[in-house]
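Let's take a walk through this protein together. Have a look at the sequence and the fold first, and then we'll go through it piece by piece.

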Amino acid sequence: MTHRLQEYQPPEWAQSLKLIPKHRIQLAAPGVTPITEWKLPDAPEDFKVLLKRDDYTGSVLTGNKVRQLEFIIADAIAKGHKHIITAGAVHSNHCRAVAASCAELGLQSHLFLRTPAKQVSDLKFDGNLFLDRLFGANFYLVPADADYVEFIEVKMQELAEQIKKEKGETSHLICANGSKDMGMWGYIQCFEDIRQQGVEFDDILCACGGGRTICGLAVANYLCGMPYRLHTIVVSKLKRDNYRKIVQDHLNEVGLQDVAVEDVVTLYFNQVTPEHGENLPSQLELMVKSAEQTGVVLDNIYTAKAANELKELMQNKPEVFKGNRILFLHTGGLPSLQSEAKINPLLPYLTRSKFMFVS
């Protein structure tokens, strides 16, 4: 698949950074995703919300994950790796994007999935998990409370060593926090696309789990003179200090050791629910209102939480924003919504539609 590799030339303002990727591979749909106005339900009228439609980056390869993988997998292919090993929750958008990318490029995906299931028959193969299986991924099921660093990443490394011993082939490990990989460059490049689109706004807000998306935006915004104020809603279970360290590590790795996290992005933790895939009633209600009133579908895990927090910040803490024009980054995730576990909590809120039998 080396013929798919493209030489990567970073934006001029990013050429002083360390760890610049040498290659990129196109996985997302061609073209620049649009920026449109979004009538966010229940948002104050004195705010204008814009939507960066990164849910348009593809079908199964939709959302922010594909931008990151264009650089991560290009690096893996350039180094001759035949296997991609990664981890996530059982309905992980990231894992689904990895499985789809590997199938397209002739690589083998290996997914370590956190789940309460004790045996395969306990699993519901719908949503992302069905797609993972459709793409031919290998599954390694680990306890739902397994520690990423102390257990899962150790097992990932052991698997890579086993594959090397048995097949003589090497593996690329994509770790949970995105440190020491090229994924953040997806959103350094996205920031350049946003600049070229020429739409005026004051703030950018997005959801974040592993850190690659907001780190790329933060680096780019800093290098371009901080034209916007950045906000991210952290949906992972990591504590504040641990997540702050992830962002700081990304800054350090590209040569911005003197830049403090607090100077480039505001992290919000107060609306994170106890489990990664759980939701507050207000988030579920907003998902339904957004779909019914604006046609914009949010996912349970990321965008519903971020949009709900955006609405509440605009209502209750408008002073946190630089201005009243907010760009909301839609990071995709629709396939994860198409599972029984995600659908059932939404059903009580679906009261608009009417059913009639016609004979």
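In what order do the 6 strands of the open sheet with mixed pairing run? The order is β3-β4-β12-β9-β10-β11. Strands here are DSSP runs of E with at least two residues, helices are runs of H or I with at least four residues, and both are numbered from the N terminus. Two strands pair if DSSP finds at least two bridges between them. At the edges of this sheet sit β3 (35-37) and β11 (266-268), each pairing on one side only. Neighbouring strands are turned by 25° against each other on average, direction ignored; the axes behind such angles are lines fitted to C-alpha atoms, for helices over the stretch in contact, and angles run from 0 to 180 degrees between N-to-C directions.

Before going on, a word on what you're looking at. This is a predicted model, where local features need pLDDT of at least 70 and side-chain atom pairs count only at pLDDT 80 or more, while totals for chains, interfaces and linings use all residues. Residues are numbered from 1 along each chain as its sequence is written, and side-chain values use heavy atoms, with hydrogens and water left out.

Strand β10 (residues 229-234) runs parallel to β11, and 3 bridges join them. Within this pair, T232 stands opposite L267 in β11.

There's also an open sheet of 4 strands, in the order β7-β6-β5-β8, with parallel pairing. Its edge strands are β7 (138-143) and β8 (171-174), each pairing on one side only. From one strand to the next, the twist averages 20°. Inside this sheet, β5 (residues 83-89) and β6 (residues 108-115) share 7 bridges in the parallel sense. A87 has F112 in β6 as its bridge partner, and G88 has L113 in β6. Strand β5 is mostly covered, with 6 of its 7 residues buried (buried means under 20% relative accessible area, exposed over 50%, partly exposed in between, with a 1.4 Å probe and protein chains only).

Now zoom out. The protein chain has 12 helices and 12 strands, and 53% of its 359 residues count as buried. Its C-alpha atoms fill a box of roughly 60 × 60 × 40 Å along the principal axes.

Next, the second largest pocket. A pocket is an open set of points, on a 1 Å grid over the protein atoms alone, where a 1.4 Å probe fits, with protein on both sides within 12 Å along at least five of seven lines; lining residues have an atom within 4 Å of a point. The second largest pocket is lined by 15 residues, and R24, A28, A29, G31 and E70 lie nearest its centre. Helices α1 (64-78) and α5 (185-197) each supply at least two residues of that lining.

Finally, visit Q338, in the loop between α11 (334-337) and α12 (340-343). Is Q338 buried or partly exposed? Q338 counts as partly exposed because its relative accessibility is 49%. Q338 and F130 are 208 residues apart in sequence, yet 9.9 Å apart in space, C-alpha to C-alpha.
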